[in-house]
Each structure stands twice: as C-alpha cells, then as structure tokens.
Amino acid sequence: MEKCKIIAVANQKGGTGKTTTASNFGNALALANKKVLLVDFDPQANLSMSFGIDNPDELPLSMHDILTYIMDDKDLPNKDEYIQHGEKIDIIPSNINLSLTEINLRDEMGGERTLSTLLEPLRKYYDYIVIDTNPYLGLLTINALAACDSVIIPVSPQLWSATGLTDLLKTILKVRKKINPHIEVEGILLTMCDERTNLFREAKSLIDEYYKGKIAIFDAHIPTTVKVGEANYYSRSVMDFDPKNKAAIAYTAFAKEVMQRGKTGGETQASVE
Ligand SMILES: Nc1ncnc2c1ncn2[C@@H]1O[C@H](COP(=O)(O)OP(=O)(O)OP(=O)(O)O)[C@@H](O)[C@H]1O
Ligand SMILES: [Mg+2]
C-alpha cells in the first residue's frame, strides 16, 4: 500500500461545501480503489449522517469518547469498535458531544495533538484519511490541522471573502510553525459554482487574481446541482446516485487531480499574509 495521506477539509466559513466535499471526494478516491477513512470532526455530525448514521447522538462510542480516552491516557478500545465499515469506505463518526471535547481540550497539555494521536496508528490501514472540520477556527480545527499532511479549502465563489480566507491561511502558517511543520495547502476547490452567472465569473477572476502563484486552485470546479442534496438525503455519494451528473464528474476529476499530485502537495507562502 502506498504511503497514507491525511487531508483536512477546512474553511471556517459555514456552508462552503466542506462536508459535501469530504464525502464525495472520499468516495471518489474509494471508487479509484483507494482505501479511505472519513473522519467526522464536526459536532454537527453532517458527515456521519450522510454516511447513513441517522442518530449520531446514540452512538455507543463516539469521537468524543475516544478522544477522552486519549486525554485520560487510557488504552483505546479495538479500532473496530469506533470505526464503522461501509461497503467501500470507512468512517469515524462524531456527534454533538464533540463540542464537549473542544471545551476539555482547553485545559489539556499538548491538546492540539489529540486527533493526531488517534490517527497516526491508523495510517497503515489506509491510502487516504479525509477529515471534515467544523466552521470555526477553534481547537477542533487546530487539531485537524495538526493531524493532517495537507488541507483542501472549499470555497463557494458567491460566499468568498478575502479576509475570511486570510485568517485560515494565517492559522495554517501558525500551525506549521508551532505544531506541524509538514502541513501543506493542497489547494482551493471552488464549490457550488454556477458558471453561467456573471457573479461566478467575477468572483472566480477575483480569487484567481488574489491567489494565483501562491496557492493552487484546482482545475475541477464543483457545479451547483440539486443531485448533490438528493444524494446526501439518501446517504449516497453523488457518483453512486447519478454517475453522469456534472457534480459526480467534477468530484471524480478533482480526486484524480489530488491523486496525481501525490505527496508533492501545494504551497502556502508567507506572502499570502
Ligand atoms: N455542488 C452543490 N450543489 C448544490 N448544493 C450543494 C453543493 N455542495 C453543497 N451543497 C449544499 O449546500 C449546503 C452546505 O453544504 P455543506 O454542508 O457541504 O457545507 P459545509 O461547509 O460542510 O457547512 P458547515 O460549515 O455547516 O459544516 C448543503 O445543504 C449541501 O447539500
Ligand atoms: Mg459541514
């Protein structure tokens, strides 16, 4: 098995397509015969629900419980007790209790590395581990950044704000300096694109102007389509739900771009500040 890459999907702005991307990107990798683990690191548990876990609050062993074991320096249960296995892809689900973890992490020495402690021993089982993060630049997101090799930033052109993205990039640079020297920005993925509109074209050219030469912007764009929400509703990936759909084609192309990059990743230059 090739070396495992851990990728966080992050943007502290809400509703930019993080969860949709984590799920469909992960599934597109699995369709390319990669062994994939999804990690739900958002107390909203949207990724767990899109996996078909209807009542995440009733999980016998949630992400919060596992991280509490780690913080209490206790041995972890067998991994099959907290990893759920799907047909093609696995997940560590979360639930609302993960917001308690965020509070507990504040008092924990070296707490930024708690998720990393969980994921590092799992590298040997997977080609890719994809972490979905919550829309807040707090300790949960810092944990995800500390645990990953690279970051995918989903940006919805209509919702894009230069200052919001600059805050995220500054945080990534800080994490690189203090906790995780190897972290790279994989790139910006444009989501919910409506290519026919002037608004899309204007936002896209502004984003290009701002980040070209500093951060990779993926060639693949994810179009806006109702099939994404429908697939989600039926706990299926859009590739599985409607393989010919333009979002299915775009997520497949996006996964291919990431796989082709392999370990070289993208770049985060200090000049982005
Ligand atoms: N390509 C798309 N076409 C149509 N709808 C989409 C698309 N991508 C995402 N959506 C919808 O937009 C909404 C927000 O997407 P999603 O939940 O993935 O964002 P998020 O960044 O994870 O949000 P949060 O910040 O709350 O975690 C969802 O209802 C989702 O179904
Ligand atoms: Mg989400």
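Asn143 has 0% relative accessibility and so counts as buried (under 20% relative accessible area is buried, over 50% exposed and anything in between partly exposed, using a 1.4 Å probe and protein chains only). This is a predicted model, so local features need pLDDT of at least 70 and side-chain atom pairs count only at pLDDT 80 or more, while totals for chains, interfaces and linings use all residues. Residues are numbered from 1 along each chain as its sequence is written, chains are lettered from A and ligands numbered from 1 in the order in which they are written, and side-chain values use heavy atoms, with hydrogens and water left out.

Asn143 sits in helix H6 (helices are DSSP runs of H or I with at least four residues, strands are runs of E with at least two, and both are numbered from the N terminus). Helix H6 covers residues 139-147 and is mostly tucked away, with eight of its nine residues buried. Besides Asn143, the buried residues of H6 include Leu140, Thr141, Ile142 and Leu145, along with Ala144, Ala146 and Ala147. Skipping residues up to four places away in sequence, Asn143 touches Phe41, Leu105, Gly111, Glu112, Arg113, Thr114 and Leu115 (a contact means heavy atoms within 4.5 Å).

## The whole chain

Zooming out, the protein chain has eleven helices and eight strands. Its radius of gyration is 18 Å, close to the 19 Å that the globule rule gives for 273 residues, so the chain is as compact as a globular protein of that length (the radius is taken over C-alpha atoms, and the rule is 2.2 Å times the number of residues to the power 0.38). The C-alpha trace spans about 55 × 40 × 35 Å along its principal axes.

Of the 273 residues, 56% count as buried. Take the contacts between residues at least 6 apart in sequence: 81% of them join residues at least 24 apart. The accessible surface comes to about 12500 Å², with 49% of it belonging to carbon and sulfur atoms (Shrake-Rupley with a 1.4 Å probe; for residues, only the protein chains shown count as cover). On the charge side there are 30 positive and 37 negative side chains, and the centres of the two sets lie 7 Å apart. Lys and Arg count as positive, Asp and Glu as negative, and His and the chain ends are not counted; each charge is placed at NZ of Lys, CZ of Arg, CG of Asp or CD of Glu.

Ile92 belongs to strand S4, residues 90-92, and counts as buried at 0% relative accessibility. Leaving out neighbours within four places in sequence, its contacts include Leu37, Leu38, Val39, Met63, Ile66, Ile83, Leu118, Leu119 and Leu122, and also Asp40 and Tyr82.

Arg123 is in the loop between helix H5 (114-119) and strand S5 (128-133). Not counting residues up to four places away, Arg123 touches Cys4, Lys5, Ile6, Ile129, Ala147 and Asp149. Ala147 is also one of the buried residues of H6.

## Aromatic pairs

There are seven aromatic pairs in the structure. Trp160 and Tyr210 have ring centres 5.5 Å apart and planes at 75°, so this pair is edge-to-face (Phe, Tyr and Trp rings, with the six-membered ring for Trp, pair if their centres lie within 6.5 Å; planes under 30 degrees apart are stacked, over 60 edge-to-face and the rest tilted). The pair links distant parts of the chain, as Trp160 is in the loop between strand S6 (150-155) and helix H7 (162-178), and Tyr210 is 50 residues away in helix H8 (residues 198-211).

Trp160 is buried at 18% relative accessible area, whereas Tyr210 is partly exposed at 39%. Trp160 also forms an edge-to-face pair with Tyr211, at 6.4 Å centre to centre and 85° between the planes. Tyr211 lies in helix H8 and Trp160 in the S6 to H7 loop, so this pair ties together parts that are 51 residues apart in sequence. Both Trp160 and Tyr211 are buried. Elsewhere, Phe25, Phe218 and Phe254 form one aromatic cluster.

Most residues other than glycine have a negative phi. Asp73 is not a glycine, yet has a positive phi of about 60°. Asp73 is in the loop between helix H3 (63-71) and strand S3 (84-85), and is exposed with a relative accessible area of 70%.

Met192, also not a glycine, has a positive phi of about 50°. Met192 lies in strand S7, residues 184-193, and is partly exposed at 34% relative accessible area.
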